[in-house]
Amino acid sequence: MATVTPATRRKDSVQPKAKVWLYLLLLTLQYGAQPLVSKRFVRREVIVTSLVLACEVAKVLCALILLAVEGSLKRQYDQWTLVGSLTASGLPAAIYALQNSLLQISYKNLDSLTFSILNQTKLFFTALFMYLILRQKQSAKQVGALALLIIAAILLSVGESSGGGSSGGSADQVLLYGIVPVMIASVLSGLASSLCQWASQVKKHTSYLMTVEMSLFGSMCLLASTSQSPDGEAIRKYGFFHGWTMWTLIPVISNAVGGILVGLVTAYAGGVRKGFVIVSALLVTALLQFLFDGKPPSLYCLAALPLVVTSIFVYQKYPYVHRKKKD
């Protein structure tokens, strides 16, 4: 029987951490590059719903291939139940669908700056629901790191939205159809992210299977909406692949890879760290815009950079430590 030494234990613990950091890095790069990839390879006449549905189908295919490669596809199929699927993936998928609808309502009734700032509160609600659902506590320094991250996200949003105008609505309209929907959407975002992590870590639902299920549930909701939506009418009139070229497959595949990485990050790193990824990706986007479009990063972006770096370092360096009760 092989002897397990402290050095072996340290090596075994380092490997998963390295894998998690790899997932975080790849997702940051994918999130950061996706806007530029989509802008370059998706023509204006492409119907948005057709693109989203194609991305969901690509996610399902990628996840199924990965399940087959790791040899767990048949076992997952044999163990799959509708009730378990609805519990683990159906509820978060429905919450995300409602969240997206609320964001669309809010965006039409708020100026871009106010919308972007309020939308960053989802980081706080993610941490809150992580505690309520998973009892995942944050140290005082981690809470401070989250505050720094939210400030950085607001600075980045200000930089992106500095050209946005006012919504021009009445005070009641702005409150009821602008501020309230975006705040509810932020709460739902934190809840859905926590439920996904709960399904992965407590219910032991694999990230690949969750990707398949959530993509299917999301696609069904989207298909149902096409019966009344302008996109649905456009698809019936012009065809599903109207405006597509071979180059359109690049952002579709990129988005599918990002969906797989989101599942892995949620399962192994958690929803709070996914928030760090989303904010860090804004910096990657600014860098890529400078490299490929010649658009220099704004002063807001430069001010946010040290805040993001500091928040990531502090959050990783000072985790919550359970205090042992004295006898």
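Buried means under 20% relative accessible area, exposed means over 50%, and partly exposed is what falls in between, using a 1.4 Å probe and protein chains only. We're working on a predicted model, where local features need pLDDT of at least 70, side-chain atom pairs count only at pLDDT 80 or more, and totals for chains, interfaces and linings use all residues. Residues are numbered from 1 along each chain as its sequence is written, and side-chain values use heavy atoms, with hydrogens and water left out.

**Exercise 1. Describe the overall build of the protein chain.**

Step 1: start with secondary structure. Helices (H or I, at least four residues) and strands (E, at least two) are DSSP runs, numbered from the N terminus. On that basis the protein chain has 13 helices and zero strands.

Step 2: check how much is tucked away. The protein chain has 327 residues, and 43% of them count as buried.

Step 3: look at contacts, meaning heavy atoms within 4.5 Å. Take those between residues at least 6 apart in sequence: 90% of them join residues at least 24 apart.

Step 4: Accessible areas come from the Shrake-Rupley method with a 1.4 Å probe, and for residues only the protein chains shown count as cover. The protein chain exposes about 18700 Å², with carbon and sulfur atoms supplying 67% of that.

**Exercise 2. Work through the aromatic pairs: how many are there, and which parts of the chain do Tyr-23 and Tyr-268 tie together?**

Step 1: set the rule. Rings of Phe, Tyr and Trp (its six-membered ring) pair if their centres lie within 6.5 Å; planes under 30 degrees apart count as stacked, over 60 as edge-to-face and the rest as tilted. That gives six aromatic pairs.

Step 2: take Tyr-23 and Tyr-268. Their pair is tilted, at 6.1 Å centre to centre with 35° between the planes. Tyr-23 sits in helix H1 (residues 6-41) and Tyr-268 in helix H11 (residues 249-268), so this pair ties together parts 245 residues apart in sequence.

Step 3: compare their surroundings. Tyr-23 has 15% relative accessibility, so it counts as buried. Tyr-268 comes in at 54%, so that residue counts as exposed.

Step 4: go on to Phe-276 and Tyr-315. This pair is tilted too, at 5.0 Å centre to centre and 50° between the planes. It links distant parts of the chain, with Phe-276 in helix H12 (residues 271-293) and Tyr-315 in helix H13 (residues 299-317), 39 residues apart. Phe-276 is buried because its relative accessibility is 6%, and Tyr-315 is buried at 3%.

Step 5: Phe-240, Phe-241 and Trp-244 are linked by ring pairs.

**Exercise 3. Which charged residues lie over the faces of Tyr-131 and Tyr-318?**

Step 1: apply the test. A charge sits over a ring if NZ of Lys or CZ of Arg is within 6 Å of the ring centre and within 35 degrees of the ring normal.

Step 2: Arg-135 lies over the face of Tyr-131, at 5.1 Å from the ring centre. For Tyr-318 it's Lys-141, at 4.0 Å from the ring centre.
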